[in-house]
Amino acid sequence: MELFITRYMKLQDHRVSLNGIVEHASEAESVDALFRSLYRYYHIDYPKFSKMDNLCKLAFLSAEILLQGTDVIQKYPAEQIGIILENASSSLDYDQKHQESIRDRNQYFPSPSVFVYTIPNIMVAEIAIRHKVKGENTVFISEQFDPELIDHYVSELFRNQRVSCCLAGWIECYGDHYQSFLFVIEQEDNIKRFEGLQEYVILNPLNMEKLYKGKSI
Amino acid sequence: MIEDLILKLKKEIVEELNVENITPEEVDTDAPIFGEEGLGLDSIDALELVVLLDKNYGIKIQASKEGRKIFRSVRTIAEYILEHQKK
Amino acid sequence: MGRNGSQLMVDVFVGASNTITSLGFSTAEHVKQIKANQIGISIYPGGNLSPTPVPLSLVDNRQLLDLFREYLYKTKPDLQLDFFTRSEMLHILSIADVLKSSEINVKDPRTLIILSTLKGNMDLIGGDICVPAIELDRVYLWKWGEFLGSFFNSSNKPIVVSNACISGVLAILIGSRLIKAGRYDHVIVAGGDILTEFAVSGFQSFQSLSPKPCKPFDAARDGLSLGEGCGTIILSRHHSLCGIPEKIVVAGGSCTNDAHHISGPLRTGESFYVAIRRALREASLDPRDIDYISAHGTGTDYYDETEAKALSWAGLERVPTNSFKGYFGHTLGAAGIIESALAIASMRNREIFRSAGFENPGTSQQINILTDHAVKEVNHCLKTASGFGGCNAAAVFKKI
């Protein structure tokens, strides 16, 4: 059965696009300011946002942009929705922040609210908590966005009915460099059943690469 | 004396624990700070308070054993600090 | 192989394994030490890893360097020892040991290496290591993975999984699933973490380290003990190449998320229970079919309590269960692989081991924690894991 990308977003170069259409461009000067401004722009009310590191803020915002105003994943049982993400830098920003906090034995105060963010899968947790997603969840680390890995692995998850819906993509954030490309994957049968098949994108490495690079399918 | 400490603590809690949507002056001195009715602090915040007490006041505590009582409200924290402060 | 390929009935055999911790440099050595009730956790007096004394399980560094030097001399005499980080030495020795014991060709395009780790070259994070031979960008996990893959001339770039403390079990499941999908015939699953001040201080900030060697599931448990280590295990669709005579397969597995809190577990145990239930279902087994459980059991209050609830909920409260962490601590990215390798050793040798550190039941749902080593026929084994970020994983190994 065919798998489709039914919804996708990108956040890059201070521009937000949803399903290929730029819907917001920010004038914010820094990454911190950008994330703060997007939080306000999308009218998000989530007190824990301010405690997140930038990687998790990016993941959280990306999922919010992707899913706000739609019930696309709510149609599925929570344990049947997966989150499969990739990035290159893992949690390096906060790794270095934590390392810095223990550099001087005379000022030795490691912080749990920093340390908790020194593993990359917390970005999955933040999305899962917000959207109540309880299924298969994995973070892969690769130098660049690897659509083949997502294609092979997510297809296998669907084939064996481990997931009925999956959020997947690339969430990378280190220093000033950030990039996110997050999308919803659903099966043909479910799309027909719920909404009628529209111009969705067939899930394969080439199509993922095209959407990621902003090329037409 | 305790009032100064209470205000200082409120500033530290709001700033160092990244508490949103509230100024230090608005924090209720005697209200529970944990749980949804309080400042929405959670288990990681409790551990951060332990670090705060160590870093700013030189006091070491075990979050799991003593934390619940000490961290009940800003006032209880201030009272504990005044009792135990080394630096 | 297309999406509709008929790979459903592929068996994924578990093969040769290697295990490196404070207890030794092979799975056989670990079994010997565990049988002799050796505990590899000892009080680190304070120093580079921690300003204050703390129980840790550390790999014998002198032996590591000796073994690696010897290995390098035999295989790549033109390379210098100081070209490699500690993590890389561990992984290379571990993978090499496993390759020696099997017929798998690591250069085959149908062979994949999957690496499981939390922090990889943890000691490169501060940029402090001033060894010119080591490129600091091997702090990137993908670069670390690529380095290891190219050491073995692997045809495929290794896949790197970094998913908190379930990484090891998850890597085994991912390897198994990719074989079933027809992508690869063999997967070498390797994983590990070294310990530096980075990890020790972090867990100290969570007040989750016990001042004594950890006591998983025990009433007096008061925290975990960190360990460093590396484990490797072979998965293959070809039993004849996998390196062990017994036919043991990855029969099922599942990974779930609590969707509750970023560091504390969902204390009802529900999400953990779902992972266990799904793994059993995929393996076509009932709870009463499980002969032995290698639990996650870290020795922390909430995580052990949650796991006991989940196991009990799944109807597994009578199954002989242990945690290996009382022997060599919580080895983070290595844990799931090392502990699975030892669980499989139990299946092969028909012996299960007492849960070191356990004396009195300490969870609200009582489960059957092993207090002595025992002879037991183990045909079906469950391995569980959970970690920061609310993730849970369960794998079922079956003798066929």
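These legends walk through several close-up views of one predicted model. Because it is predicted, local features need pLDDT of at least 70 and side-chain atom pairs count only at pLDDT 80 or more, while totals for chains, interfaces and linings use all residues. Residues are numbered from 1 along each chain as its sequence is written, chains are lettered from A and ligands numbered from 1 in the order in which they are written, and side-chain values use heavy atoms, with hydrogens and water left out.

**View 1. Where chain A meets chain C.**
Here 59 residues from chain A touch 61 residues from chain C, with contact meaning heavy atoms within 4.5 Å. The size of an interface is often given as the accessible area lost when the parts come together. For chain A and chain C, that buried area is about 4900 Å², with 55% of it on carbon and sulfur atoms (accessible area is taken with a 1.4 Å probe, and the loss is summed over both parts). Look also for polar contacts: 25 residue pairs make them across this interface, both residues at pLDDT 80 or more. A polar contact is a pair of N or O atoms within 3.5 Å; within protein, one must be able to donate a hydrogen and the other to accept it, and residues adjacent in sequence count only if both atoms are side-chain atoms.

Which elements of chain A give two or more residues to this side? They are α3 (92–101), α4 (112–115), α5 (122–131), β5 (137–141) and α6 (147–159) of chain A. Helices (H or I, at least four residues) and strands (E, at least two) are DSSP runs, numbered from the N terminus. The biggest giver is α6(A), with eight residues. Sorted by class, the side of chain A that touches chain C has 27 nonpolar, 17 polar and 15 charged residues. For that sorting, Ala, Val, Leu, Ile, Met, Phe, Trp, Tyr, Cys and Pro are nonpolar, Asp, Glu, Lys and Arg are charged, and the others, Gly among them, are polar.

**View 2**
Strands count as paired if DSSP finds at least two bridges between them. In this pairing, A:Phe140 has C:Val161 as its bridge partner.

**View 3. Helix α6 of chain C, tucked in.**
Eight of the nine residues of α6(C) (residues 197–205) are buried, so the helix is largely enclosed by the rest of the structure. Buried means under 20% relative accessible area, exposed over 50%, and partly exposed in between (1.4 Å probe, protein chains only). Among the buried ones are C:Glu197, C:Phe198 and C:Phe203. What covers these buried residues? The cover includes α3 and α4 of chain A, α2 (43–57) of chain B, and β3 (54–57) and β7 (226–227) of chain C. Just past the helix, C:Gln207 has a positive phi of about 50 degrees.

**View 4. Strand β14 of chain C and its partners.**
All eight residues of β14(C) (residues 380–387) are buried, so this strand is largely enclosed by the rest of the structure. C:His380, C:Leu382, C:Thr384 and C:Ser386 point one way, while C:Cys381, C:Lys383, C:Ala385 and C:Gly387 point the other. Strand β10(C) (residues 292–294) pairs with β14(C) in the parallel sense over three bridges, and C:Ser294 partners C:Lys383. Strand β15(C) (residues 391–399) runs antiparallel to β14(C), joined by eight bridges; there, C:Ala385 partners C:Ala393. Three residues sit between the strands of this hairpin, where C:Gly389 takes a positive phi near 90 degrees.

**View 5. Where chain A meets chain B.**
Here 11 residues of chain A contact 12 residues of chain B. The two chains bury about 1000 Å² between them, 57% of it on carbon and sulfur atoms. A:Lys51, A:Phe109 and A:Pro112 supply 51% of the area that chain A buries against chain B, more than any other three residues. There are two salt bridges across this interface, one of them between the side chains of A:Lys48 and B:Asp42 at 2.9 Å, N to O.

Conventions:
Salt bridge = Lys/Arg side-chain N within 4 Å of Asp/Glu carboxyl O.
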